[in-house]
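Please read it beside the sequence and the coordinates.

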Amino acid sequence: MSEDTVLWWQSGTVYQIYPRSFMDSNADGIGDLAGITSKLDYLGWLGVEAIWLSPFYPSPMADFGYDISNYVDVDPIFGNLADFDRLLEAAHSRNIKLLVDFVPNHTSDEHAWFKESRSSRDNPKSDWYIWTDPKPDGSPPNNWISNFGGSAWQFDEVRQQYYLHLFDVKQPDLNWRNPEVVQAMLDVMRFWFDRGVDGLRIDVVNLLFKDEALRDNPPNPNWKEGDPGFHQQLRTYTEDLPDMDGIILEMRKVADAYPERVLIGEIWLPYERLVHYYGAELNGLHLPFNFQLLLLDDWQAESVRQLVESYETALPEGAWPNWVLGNHDKSRVATRLGQTRSRLAQMLLLTLRGTPTLYYGDELGMVDVKIPPELARDPQEKGSPGFGRDPGRTPMQWDASPDAGFSAPGVTTWLPLAPDYEKVNVDAEKEDPASMLAFVRLLLALRNANPALNSGSYRSIESSAAACFVYERAGAGKRFLVALNFSDQPQTVSINDAETSQGRIVISTRTGREGIVNLSGLELDAAEGVVVEL
Ligand code: GLC
Ligand code: CA
């Protein structure tokens, strides 16, 4: 791809902010928009291209903002629309793009639309949600289960009908088969684009359509005792239905009416099905999120190589790849892999072909925090104990002061702070060249400065060491070799390159390692990764 056709959302890195947990400007223990604005210089310094904000809209907070009672305003906890405009302007003045979360599958039960819809069977919005009669014995119409546990149907006394909620009971699913709903939601997209946002991350976008005949979902043959309850069924009739396609195209048309906007879709599907969302003529979503690194249990060179290769193969012509290592729904990467291997993972994320998404705090090596049951907040924890998402959502660690610089000292934060914050924080890590922060920032700088890395080609390379994953990135007249040792033993990689026998290490997971290396005997320490300029 030639340099001048590369767009910002292709070459740049996206940084996800969970607004409740980033920075609290008014000492109520909860992060807010003004707090984020006050930390934009940090994000500019780090080297990210864009920030994506998880929801900040008015919400009863049953699912911490993913239950929205008004799509076109700001919850007072986070500020107001003027705060939002200030944040957007301040981001743009630093050349940082701003993406917001768009949650089309469900509203809050406190949204005016739902209040009207549930008020009778024949009001103008009666068909805006998925209502259905009970079975003759009064039970729910089918076996569908909620992602947060239990039946996905809730009986309503007034209508004497059930409504569908694939998530919390306070998150009724909208009826996307109703053209009025479609128009209302496309208008929400326009509202944010008109305000100037650069893109949308679309929540559970592959769930919008459900089987019209409401057939039972089959049991998941792979489910075992101890797995979360919501994995007990296959989502045959509740996700990824072909009926979706038209809506994706409509959403894309809305985005295309504005210059250089991006649509990112949250889609937990295997590659064969995921790539469909790019659209047959690439007129669908720009970036259907690729979550496979987040789901990978077997952290070995061969598994990762196969994953990358199968993704590269599955991508349709002209589709832009992307990679995700962490988000607000999963255990943090430093907890999943440990600190040493998560450095290797960051090197992978930031040198693979495709747009990387970085989750706030992962650049510090923040870990999951054990939340005592009485302090649990996440509805998923309540429905499936042990599978809650609070541990990966704790306050950002800015400095070593009593509140980690997140809130005012002495304030009780909405989730507890990590016990390690006196050591693991932005201030301390800025000063330490061996820190995760220094390492991630260097990687970002290297990526940003080199088209080979941020938009060049990818080629997997044979090496003598099976425990290592080696690949080449090339573009704009430069070539980089990335060699990652996934094992706990030192390895020697030997590569035959047609053009050169030597290269220069530009970054290693081992701080301070640099210099010229011979490609016939490139030595890697246990779990070490290097980027070599050829
Ligand atoms: C998405 C969000 C998750 C939320 C759910 C319901 O999966 O990432 O946090 O609970 O949708 O909106
Ligand atoms: Ca606050």
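In this predicted model, the second largest cavity is lined by Tyr57, Tyr71, Val100, Asp101, Phe102, Val188, Trp192 and Leu200. Two elements, strand β3 (97-102) and helix α6 (179-195), each give two or more residues to that lining, and β3 gives the most, with 3 residues. By class, the lining of this second largest cavity divides into 7 nonpolar residues, no polar residues and 1 charged residue, and the space inside amounts to about 40 Å³.

The search of the whole structure that located this space finds 2 cavities of 30 Å³ or more. In the largest cavity there is about 90 Å³ of space, and its lining is made up of Trp144, Ile145, Asn147, Leu166, Leu207, Asn217, Phe230, Gln233, Arg235 and Thr238. Here the classes are 5 nonpolar, 4 polar and 1 charged.

Across the whole structure, the search finds 32 aromatic pairs. Another of these joins Phe22 and Trp398, whose ring centres are 5.1 Å apart and whose planes stand at 75°, so this pair too is edge-to-face. The pair links distant parts of the chain, since Phe22 sits in the loop between β1 (14-17) and α2 (33-38) and Trp398 in the loop between α13 (379-383) and α14 (426-430), 376 residues apart. Phe22 and Trp398 are both buried. Through ring pairs, these two residues also belong to a cluster that contains Tyr15, Phe22, Tyr42, Trp45, Tyr359, Tyr360 and Trp398.

Which residues coordinate the calcium ion (ligand 2)? The donors are Asp24 (OD), Asn26 (OD1), Asp28 (OD), Ile30 (O) and Asp32 (OD), at 2.2 to 2.4 Å. Along the sequence, the donor residues of this calcium ion are spaced D-x1-N-x1-D-x1-I-x1-D.

**An open sheet**

An open sheet of 3 strands has the order β4-β6-β5, and its pairing is antiparallel. Strands β4 (131-132) and β5 (153-156) stand at the edges, each with a single partner strand, so one side of each is left without a neighbour in the sheet. Between β5 and strand β6 (residues 161-164), which run antiparallel, there are 4 bridges; within β6, Gln161 is the bridge partner of Asp156. In general terms, strands of a sheet pair through backbone hydrogen bonds, either parallel or antiparallel.

**Positive phi away from glycine**

Most residues other than glycine have a negative phi. Phe64 has a positive phi of about 45° although it is not a glycine, and Val204 has a positive phi of about 25°, again without being a glycine. The loop between β2 and α4 holds Phe64, while Val204 is found in the loop between β7 (199-202) and α7 (245-256). Are these residues buried or exposed? Phe64 counts as buried because its relative accessibility of 5% is under 20%, and Val204 is buried with a relative accessible area of 8%.

The table sets out the accessibility values given above for individual residues.

| Residue | Relative accessible area | Class |
|---|---|---|
| Phe64 | 5% | buried |
| Val204 | 8% | buried |

Technical notes: Residues are numbered from 1 along each chain as its sequence is written. Chains are lettered from A and ligands numbered from 1 in the order in which they are written. This is a predicted model: local features need pLDDT of at least 70, side-chain atom pairs count only at pLDDT 80 or more; totals for chains, interfaces and linings use all residues. Side-chain values use heavy atoms; hydrogens and water are left out. Two strands pair if DSSP finds at least two bridges between them. On a 1 Å grid over the protein atoms alone, a cavity is a set of points where a 1.4 Å probe fits but cannot get out, and a pocket is an open set with protein on both sides within 12 Å along at least five of seven lines; lining residues have an atom within 4 Å of a point. Grid points are joined across faces, edges and corners, and a volume is the space filled by probe spheres set on the points. Ala, Val, Leu, Ile, Met, Phe, Trp, Tyr, Cys and Pro count as nonpolar, Asp, Glu, Lys and Arg as charged, and the others, Gly among them, as polar. Donors are N, O and S atoms within 2.8 Å of the metal (3.2 Å for Na, K and Ca); water is not among the atoms, so sites may look incomplete. Rings of Phe, Tyr and Trp (its six-membered ring) pair if their centres lie within 6.5 Å; planes under 30 degrees apart count as stacked, over 60 as edge-to-face and the rest as tilted. Buried means under 20% relative accessible area, exposed over 50%, partly exposed in between (1.4 Å probe, protein chains only).
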